[in-house]
Amino acid sequence: MPHVIVSPCIGVKDQACTEVCPVECIYDGGDQFLIHPDECIDCGACVPACPVSAIFPEEDVPGGEEEFIVKNRVYFGL
């Protein structure tokens, strides 16, 4: 999974990340946006666009936020 959106997105859902994504792989997951792991091309355009710094490469997801890796996979049925 190239990038993961973590807890700071919950309840905020600023759409700046969706606007810069060249492959439109960021979806509204209800309480937050989620990145489809099979569609993401790992370009990183969404990372600086996020006003709440909620997007990380999977290997850099902060401690305590690992549940969002699982949340992404489950949401997309992976």
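Contact here means heavy atoms within 4.5 Å. By that criterion, residues 24 or more positions apart account for 64% of the contacts in the chain with a separation of 6 or more. The structure is a predicted model, in which local features need pLDDT of at least 70, side-chain atom pairs count only at pLDDT 80 or more, and totals for chains, interfaces and linings use all residues. Residues are numbered from 1 along each chain as its sequence is written, and side-chain values use heavy atoms, with hydrogens and water left out.

The chain contains three helices and four strands. Helices (H or I, at least four residues) and strands (E, at least two) are DSSP runs, numbered from the N terminus. Their order along the sequence is β-α-β-β-α-β-α. The radius of gyration is 11 Å, close to the 12 Å that the globule rule gives for 78 residues, so the chain is as compact as a globular protein of that length. This radius is taken over C-alpha atoms, and the rule is 2.2 Å times the number of residues to the power 0.38. The C-alpha trace spans about 25 × 25 × 25 Å along its principal axes.

Of the 78 residues, 37% count as buried. Buried means under 20% relative accessible area, exposed over 50%, and partly exposed in between (1.4 Å probe, protein chains only). The chain exposes about 4100 Å², and carbon and sulfur atoms supply 52% of this area. Accessible areas come from the Shrake-Rupley method with a 1.4 Å probe; for residues, only the protein chains shown count as cover.

The largest nonpolar core has 18 residues. Such a core is a set of buried Ala, Val, Leu, Ile, Met, Phe, Trp, Tyr and Cys residues joined through side-chain atoms within 4.5 Å. Ile5, Ile26, Ile35 and Ile55 have the most contacts inside it. Strand S1 (3-5), strand S3 (33-35) and helix H3 (67-75) each supply at least two residues of this core. Val4 is in strand S1. Val4 is buried, with a relative accessible area of 0%. Leaving out residues up to four places away in sequence, Val4 touches Ile35, Ala54, Ile55, Phe56, Glu58, Val61, Phe68, Ile69 and Asn72. The C-alpha atoms of Val4 and Phe56 are separated by 5.4 Å, although these residues are 52 apart along the chain.

A search of the whole structure finds zero disulfides, a disulfide being a pair of cysteine sulfur atoms within 2.5 Å. For Cys25, the nearest cysteine sulfur is that of Cys21, 3.7 Å away. Cys25 is buried, at 3% relative accessible area. For Cys46, the nearest cysteine sulfur is that of Cys40, 6.2 Å away. Cys46 is also buried, with a relative accessible area of 8%.

His36 is found in the loop between S3 and helix H2 (46-49). His36 is buried, with a relative accessible area of 13%. A polar atom of its side chain lies 3.1 Å from the backbone nitrogen of Asp38. Not counting residues up to four places away in sequence, His36 touches Cys25, Tyr27, Phe76 and Leu78.

Two non-glycine residues are next. Glu24 has a positive phi of about 50°. Glu24 is found in the loop between helix H1 (16-20) and strand S2 (26-28), and counts as exposed at 63% relative accessibility. Asp42 has a positive phi of about 60°. Asp42 lies in the loop between S3 and H2 and is partly exposed, with a relative accessible area of 46%.

How values were computed:
A polar contact is a pair of N or O atoms within 3.5 Å; within protein, one must be able to donate a hydrogen and the other to accept it, and residues adjacent in sequence count only if both atoms are side-chain atoms.
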